[in-house]
Amino acid sequence: MNTTFNPVIFCDFDGTITMKDNIINIMAKFAPEGWEAIKDDILAQRVSIQKGVSELFSLLPTTQKEEIMSFVLEDAKIREGFGEFVQFTREQNIPLYIVSGGIDFFVHPMLEPFGPFDRIYCNEGDFSGEQIQIRYPYDCDEHCTNQGCGCCKPSIIRQYTDEQQTSIIIGDSITDLEAAKLADIVIARDFLIEKCEELNIPYSPFTNFHDCIRIIENRLNVQI
Ligand code: MG
Ligand code: ZN
């Protein structure tokens, strides 16, 4: 009997907790023409996430701060079952870390009704200059083979898990790929599924957070 199943969850924000990617939504609404080429470069891994995200936000003047903030808070929808999922992790005493390539000015207010969380890792918006600048407090450690992750999910996983623990990552896109390579259990949707298939990374698909509860519950039951 294995009694050592000791899960820790690392959950992405944009396109995972929220239905859509908020950075993409902000750019589609506010950025001048040409932003899509930067997005395509990020997805095709021709440019690092960190460099690409900085370039995208540098297209936006800081005078639009209020407008951008109210747009993103009104526009974003939380994926079904997220509240129940947070409750489930609390009941099961499973640490739930939010790891996001998103920016603090929308990540924190959107998560607030569901909190408090064990930790929220994300990038930071700096509105002190003429254009929006992004700061990356959770940059890659020296073990990250990718470098330029922005918010480096594998570095965070390395810092907050040991070999006694089972790391579970939940995500949807390119920012979750390096974490998916490292995690014990991957719960994926959308583009992350394509990448997992391409790279033969085992995963469980999800469309909402009821699926995530079921997938983790199944793993908990296997251990009894
Ligand atoms: Mg995402
Ligand atoms: Zn990294």
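## Close-up views of a predicted model

**View 1. Helix H2 and its buried side.** In helix H2 (residues 35-43), the buried residues are Trp35, Ile38, Lys39 and Ile42. Look down the axis of H2 and these buried residues fall within an arc of 100°, so they line one face of the helix. "Buried" means under 20% relative accessible area, "exposed" means over 50%, and "partly exposed" is in between (1.4 Å probe, protein chains only). The arc is that of the directions from the helix axis to the C-beta atoms. Helices (H or I, at least four residues) and strands (E, at least two) are DSSP runs, numbered from the N terminus. Here's a handy rule: an α-helix has 3.6 residues a turn, so residues three or four places apart point the same way. What do the buried residues of H2 pack against? They pack against helix H1 (22-30) and helix H3 (49-57), where contact means heavy atoms within 4.5 Å. After H2 comes glutamine 45, with a positive phi near 60°.

A quick word on the model: this is a predicted one, in which local features need pLDDT of at least 70 and side-chain atom pairs count only at pLDDT 80 or more, while totals for chains, interfaces and linings use all residues. Residues are numbered from 1 along each chain as its sequence is written, chains are lettered from A and ligands numbered from 1 in the order in which they are written, and side-chain values use heavy atoms, with hydrogens and water left out.

**View 2. Helix H3 and its neighbours.** Now move along to H3, where Ile49, Gln50, Gly52, Val53, Leu56 and Phe57 are buried. Down the axis of H3, the buried residues fall within an arc of 165°, so they line one face of the helix. Their packing partners are H1, H2, strand S2 (96-103), H6 and S4.

**View 3. Aromatic rings that pair up.** A pair of aromatic rings is described by the distance of the centres and the angle of the planes. Rings of Phe, Tyr and Trp (its six-membered ring) pair if their centres lie within 6.5 Å; planes under 30 degrees apart count as stacked, over 60 as edge-to-face and the rest as tilted. By this rule there are 14 aromatic pairs. Phenylalanine 82 and phenylalanine 117 make a stacked pair, 6.2 Å centre to centre with 20° between the planes. Phenylalanine 82 lies in helix H5 (residues 82-91) and phenylalanine 117 in the loop between helix H6 (104-111) and strand S3 (119-126), so the pair ties together parts that are 35 residues apart in sequence. Both phenylalanine 82 and phenylalanine 117 are buried. Phenylalanine 105 and phenylalanine 106, on the other hand, pair edge-to-face, at 5.4 Å centre to centre and 90° between the planes. Phenylalanine 105 and phenylalanine 106 are buried too. Which residues form one aromatic cluster? Phe82, Phe85, Phe114, Phe117, Phe206 and Phe209 do.

**View 4. Leucine 111 and its contacts.** Leucine 111 is found in helix H6, and with a relative accessible area of 1% it is buried. Not counting residues up to four places away in sequence, leucine 111 touches Phe13, Ile17, Phe82, Ile98, Phe117 and Ile120. Leucine 111 and threonine 18 are 93 residues apart in sequence, yet 9.9 Å apart in space, C-alpha to C-alpha.

**View 5. The magnesium ion.** Which residues coordinate the magnesium ion (ligand 1)? Asp12 (OD), Asp14 (O) and Asp172 (OD) do, at 2.1 Å. Donors are N, O and S atoms within 2.8 Å of the metal (3.2 Å for Na, K and Ca); water is not among the atoms, so sites may look incomplete. Along the chain, the donors follow the spacing D-x1-D-x157-D. Aspartate 12 and aspartate 14 are both buried.

View 6. Strands of a sheet pair through backbone hydrogen bonds, either parallel or antiparallel. Here, seven strands form an open sheet with mixed pairing, in the order S4-S3-S2-S1-S5-S6-S7. At the edges sit strand S4 (133-135) and strand S7 (204-205), each pairing on one side only. Two strands pair if DSSP finds at least two bridges between them. Strand S1 (residues 7-11) and strand S5 (residues 166-171) pair in the parallel sense over five bridges, and valine 8 has serine 167 as its bridge partner in S5. S5 and S6 also pair in the parallel sense, over four bridges, with glycine 171 opposite alanine 188 in S6.
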